[in-house]
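Please consider the chain shown below. The account that follows moves from a working definition to the overall fold, and then to individual elements.

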Amino acid sequence: MNTFMKRAIELAIQNVHEGGQPFGAVLVKDNQIITEGVNELHINHDISGHAELLAIRRAQSKLKTTDLSGYTMYASGEPCPMCLSAMYFSGIEQVYYCQTVEDAAIVGLTKSKEIYQDLKKDKANRTLAISQIPLENMHENPMKLFQEKN
Ligand SMILES: [Zn+2]
């Protein structure tokens with residue numbers, strides 16, 4: 001197995017031994033591990049404490065940039081939609097995973113699989129109610145303000 005994936009799996013196993021969920025991730029550039037993360041939901045009351053997100057957050061903080069183009073993510077588990085979106089936003093172009101969201105669902109970690117299924121539905125049919133409240137004429141328009149300033 002790829003050494004970076006081996007490390008991600010190692011982190012996941014260690015995290016389970018420490019009372020956490022089976023997820024580890026390493027962020028790599030030029031064949032070197034830049035940062036690592038494990039799922040920390042058992043430590044902090046923070047649903048964004050996923051392995052990949054923490055690896056991304058640490059790299060961006062360490063490198064003082066939000067641009068991670070050229071980086072590769074190795075995740076022990078298939079990324080959830082939140083972490084996958086963070087990879088899109090940060091410019092990561094390649095992610096490798098080992099165990100699937102279906103593997104996770106089998107052991108009771110069903111959220112990722114459910115969210116991926118939900119996102120395939122039309123907005124109106126999703127389990128999370130999402131509704132627009134449009135800007136009224138009297139309000140300043142933040143999008144237009146941004147456009148003017150840039
Ligand atoms: Zn995630």
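Two residues are taken to be in contact when their C-beta atoms, placed from the backbone, lie within 7 Å. The model under discussion is a predicted one.

The chain contains 6 helices and 4 strands, arranged along the sequence in the pattern α-β-β-α-β-α-β-α-α-α. Its C-alpha trace spans about 60 × 35 × 25 Å along the principal axes. Of the 150 residues in the chain, 31% are buried. Among contacts with a separation of 6 or more, 45% are between residues 24 or more positions apart.

Helix 1 covers residues 3–17. Its 15 residues should span 21 Å at 1.5 Å a residue, and the end C-alpha atoms are 21 Å apart, which agrees with that expectation. The buried residues of this helix are Phe4, Ala8, Leu11, Ala12 and Asn15. Viewed down the axis of helix 1, these buried residues fall within an arc of 100 degrees and therefore line one face of the helix. On the face of helix 1 turned away from the buried side are the exposed residues Thr3, Gln14 and His17. The cover over the buried residues of helix 1 includes strand 1, strand 2 and strand 3. Just after the helix, Gly19 adopts a positive phi of about 95 degrees.

Attention now passes to the strands. Strand 1 comprises residues 24–29; because 5 of its 6 residues are buried, it is largely enclosed by the rest of the structure. Strand 1 pairs with strand 2 (residues 32–38) in the antiparallel sense over 6 bridges, and within this pairing Val26 stands opposite Glu36. The two strands form a hairpin with 2 residues between them, and Asp30 in the turn has a positive phi of about 50 degrees. Strand 1 also runs antiparallel to strand 3 (residues 72–77), to which 4 bridges join it.

Val28 stands opposite Thr72 in strand 3. Is Val28 buried or exposed? Val28 counts as buried because 23 C-beta neighbours lie inside 10 Å, where the cut-off for burial is 20 or more. Leaving aside neighbours within four places in sequence, Val28 is in contact with Phe4, Ile33, Ile34, Tyr71, Thr72 and Tyr74.

Conventions:
Residues numbered from 1 in each chain as written. Predicted model: local features only at pLDDT ≥ 70, side-chain atom pairs only at ≥ 80, totals over all residues. Buried ≥ 20, exposed ≤ 12 C-beta atoms within 10 Å, placed from the backbone. Pairing = 2+ DSSP bridges. Expected span 1.5 Å × (residues − 1). Arc of directions from axis to C-beta.
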